[in-house]
Amino acid sequence: PLIVSQPGRSLVITCGHLFRDLSADAKIEVDVFSNGEPVTYVGTLTEFDLEAEIALITIPTDSILPVATIAPRNRVQQIHDRVASIGCSGGVAPSREQHRITAINKYEGPDNLECTGTPVEGRSGGGLFNTQEELIGVCFARGESEPLGLYAGPAAIYAMLDKYGLAELYAPEAAPTSQPPAQVAGTSWTTNPFAADNAQGQAFPTIDLGQQTTQPLQPFAVSPAVCTPETCGP
């Protein structure tokens, strides 16, 4: 989903494993849907974390685009809560699917949510939203033997945003952790943590996912060239 937008550039949050084997000269294409029609942008990888299954991409945008609201820290998820995922099943137009939370941090490693339903290929990287239409997760895996989906949880999202001084996106009154505060849609960032040289010329690492405490989950095999759900929002 898009989480920050201003004239000139916008920031997308998606899942990490899409970039596991990405070469330094690869081109990242991001489809932003407007009135049901995709507009393709060539993005720059800012960072990805394979353990947390979170990645950030910057795309050049001439105008302000709609962004997803990120749930605040005091928005606590509970088992059986109703949630909805947005994604591009099989590379088609974005669609909304209704779920229930079945487990919270059931798997070892960074914050994660397990939900009903089996995400199909193409929904990897799509957002998970609560009943307030706030982003609480990012889809990255499905159950092998049960109809379940796994999502990077809100704490994993917060941790990535904190690294870039973007706490204001989920805690408007929070003090920045390490950098001057960044502004949200319609204004200018006070820093430039998303410079292109952050992602160019690096040897992209391969990091194993955290060990699961129960049944294994199968990450999607999603091609960045297929309709990507990074910008799908509520």
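Tyr 170 is buried in this predicted model, with a relative accessibility of 6%. The table sets out both pairs.

| Pair | Arrangement | Centre to centre | Angle between planes |
|---|---|---|---|
| Phe 19 and Phe 48 | tilted | 6.3 Å | 55 degrees |
| Tyr 158 and Tyr 170 | stacked | 4.2 Å | 25 degrees |

The tyrosine pair links distant parts of the chain, 12 residues apart: Tyr 158 belongs to helix 1 (residues 154–163), and Tyr 170 to the loop between helix 1 and strand 13 (217–219). Tyr 158 is buried at 4% relative accessibility.

Phe 19 is buried, with a relative accessible area of 1%, and Phe 48 is buried at 10%.

Strand 9 (residues 112–116) is mostly covered, with 4 of its 5 residues buried. It runs antiparallel to strand 8 (residues 95–104), to which 3 bridges join it. Strand 9 is also antiparallel to strand 12 (residues 148–152), through 5 bridges. Glu 114 in strand 9 stands opposite Ala 103 and opposite Leu 150 in strand 12.

The count of disulfides comes to 0. The sulfur of Cys 15 lies 7.4 Å from the closest cysteine sulfur, that of Cys 139, and is therefore too far away for a bond. Cys 15 is buried, with a relative accessible area of 0%; Cys 88 is buried at 0% relative accessibility.

Methods:
Residues numbered from 1 in each chain as written. Predicted model: local features only at pLDDT ≥ 70, side-chain atom pairs only at ≥ 80, totals over all residues. Heavy atoms only, no water. Disulfide = S-S within 2.5 Å. Buried < 20%, exposed > 50% of the residue type's maximum accessible area, 1.4 Å probe, protein only. Helix = DSSP H or I, 4+ residues; strand = E, 2+ residues; numbered from the N terminus. Pairing = 2+ DSSP bridges. Phe/Tyr/Trp six-rings, centres within 6.5 Å; stacked < 30°, edge-to-face > 60°.
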